[in-house]
Amino acid sequence: MLTAEAYERTAALGARLADGIETVAAAAGLAWKAHRLYPRSGYAHADALPRTAAEAHAGQQREVTDLQRLYFANRGVWEAIYSAGPCVGVSHTAEDVDRYLEVLAEFTG
């Protein structure tokens with residue numbers, strides 16, 4: 001299951017997800033940035049990604065994250081790790097990424 005092709009596919013979907021997060025945020029007038037860690041993305045509710053733990057902590061908007069997780073869960077989209085943000089798994093498809101981004105656009109719109 002964890003073949004080179006699977007890693008390539010999930011990395012491409014992860015890039016699609018991160019690009020989409022930033023596109024949706026920009027369309028809503030938000031300066032959010034997305035981490036790009038191959039299949040894993042995450043949010044920086046700021047105009048730059050943190051470089052240190054102190055910067056990450058200072059830029060954290062817990063109320064936004066709590067509300068976003070609840071909003072997404074009520075629409076069938078679950079992020080398993082509170083502090084890590086969304087992650088593309090080997091079973092995910094481009095349609096799954098697009099659904100996530102649709103819910104994000106609803107949330108930020």
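1. Basis. Because the model is predicted, local features need pLDDT of at least 70 and side-chain atom pairs count only at pLDDT 80 or more, while totals for chains, interfaces and linings use all residues. Numbering starts from 1 along each chain as its sequence is written, and side-chain values use heavy atoms, with hydrogens and water left out.

2. Overall fold. The protein chain has four helices and two strands. These are DSSP runs, numbered from the N terminus: helices are H or I with at least four residues, strands are E with at least two. The order from the N terminus is α-β-β-α-α-α.

3. Dimensions. The C-alpha trace spans about 40 × 30 × 25 Å along its principal axes.

4. Strands β1 (residues 33–37) and β2 (residues 40–44) run antiparallel and are joined by five bridges. Pairing requires at least two DSSP bridges between the strands. R36 has S41 in β2 as its bridge partner. Two residues lie between the strands of this hairpin, and Y38 in the turn has a positive phi of about 60°.

5. α1 with α4. Helix α1 (residues 4–27) crosses α4 at roughly 15°, and their axes come within 10 Å. Axes are lines fitted to C-alpha atoms, for helices over the stretch in contact, with angles from 0 to 180 degrees between N-to-C directions. The pair is therefore roughly parallel (under 35 degrees; over 145 is roughly antiparallel, 65 to 115 roughly perpendicular, the rest oblique). On the α1 side, the contact involves L13, R16, L17, G20, I21 and V24; contact means heavy atoms within 4.5 Å. By class, the contact has ten nonpolar, two polar and two charged residues. Ala, Val, Leu, Ile, Met, Phe, Trp, Tyr, Cys and Pro count as nonpolar, Asp, Glu, Lys and Arg as charged, and the others, Gly among them, as polar.

6. α3 with α4. Helix α3 (residues 62–73) packs on α4 (residues 94–108) at about 125°, with the axes 10 Å apart. That angle makes α3 oblique to α4. From α3, V64, L67, Q68, Y71 and F72 meet Y100, V103, L104, E106 and F107 in α4. The contact divides into eight nonpolar, one polar and one charged residue.
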